[in-house]
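Please walk me through this model in the viewer, one selection at a time.

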Amino acid sequence: MFGVEKRTEVSRGDQRKTLLDERDERIITAMRQGRPVAAIAELEGLEPDYCRKATRRLAAEYGIEYTPDPQSTPPRLSDASRTFRNNMANVVYDYRNAPGRHQLEVSRDTGLTQAQQLLASQRGGQHDFRLSQLERLAASTGQDFTVMMLRNLLSAEQFEKVRRCLNI
């Protein structure tokens, strides 16, 4: 009225609902493609149990006849990703097994539960690290986050070249 714009604000609850609706749409699309729950969980970054419940809820809510195709395999990790996860597992293993360090202290410092610590350190390629866990692990081990990431993403020769170029 009279050239005055009405300000609309989006609440955090509305933003979260929008994000959840978008995720539900992606899950529904994957369900209609016949992808297994494990593949959907990996694509969306969800825990498999939570994803299974979400697929059941969405199938009931939208009347979707969900029969996953057993031949449809989840996307596989690249060699670079697998190498990175294994390298990060070595960092977790070294930090976790330092003399006098308790698992609860490691949990508090890194954000990794005891089960995640075991998974990451014993079967490195199996744990899917969160960014916050990587940042906390770098801080806990006294490393600069960027340097730790580069050291674990690149081969030793590549890291050495980058280190010399950047003077790190």
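The model is predicted, so local features need pLDDT of at least 70 and side-chain atom pairs count only at pLDDT 80 or more, while totals for chains, interfaces and linings use all residues. Residues are numbered from 1 along each chain as its sequence is written, and side-chain values use heavy atoms, with hydrogens and water left out.

**Whole chain.** Start with a cartoon of the protein chain, which has nine helices and zero strands. Helices (H or I, at least four residues) and strands (E, at least two) are DSSP runs, numbered from the N terminus. In order from the N terminus, the elements read α-α-α-α-α-α-α-α-α. Switch to a surface: the protein chain exposes about 11,800 Å², and carbon and sulfur atoms supply 50% of that area. Accessible areas come from the Shrake-Rupley method with a 1.4 Å probe, and for residues only the protein chains shown count as cover. Of the 168 residues, 30% count as buried. Buried means under 20% relative accessible area, exposed over 50%, and partly exposed in between (1.4 Å probe, protein chains only). Among contacts (heavy atoms within 4.5 Å) between residues at least 6 apart in sequence, 54% join residues at least 24 apart.

**The cores.** Select Ile27, Met31, Ile40, Cys51, Ile64 and Tyr66, the residues with the most contacts inside the largest nonpolar core, which has 14 residues. Helix 1 (12-32), helix 2 (37-44) and helix 3 (48-62) are the elements that give two or more residues to this core. A nonpolar core is a set of buried Ala, Val, Leu, Ile, Met, Phe, Trp, Tyr and Cys residues joined through side-chain atoms within 4.5 Å. Center on Met31: leaving aside residues up to four places away in sequence, Met31 touches Ile40, Thr55, Leu58, Ala59, Ile64 and Tyr66. Apart from this core lies another, of twelve residues, including Phe84, Leu112, Phe129 and Met148.

**Helix 2 against helix 3.** The contact is made by Val37, Ile40 and Ala41 of helix 2 and by Pro48, Cys51, Arg52 and Thr55 of helix 3. Next, select Tyr50, which is also found in helix 3. Tyr50 is partly exposed, with a relative accessible area of 42%. Its C-alpha atom is separated by 9.8 Å from that of Val37, 13 residues apart along the chain.

**Helix 5.** Move to Ser107 in helix 5 (residues 103-110). Is Ser107 buried or exposed? Ser107 is buried, because its relative accessible area is 18%. Beyond residues up to four places away in sequence, Ser107 touches Leu112, Thr113, Gln114, Gln117 and Arg136.

**Helix 8.** Finish with residues 145-153, where Val147, Met148, Met149 and Asn152 are buried. Draw a C-alpha to C-alpha distance from Thr146 to Ile168: the two are 22 residues apart in sequence and 9.8 Å apart in space.
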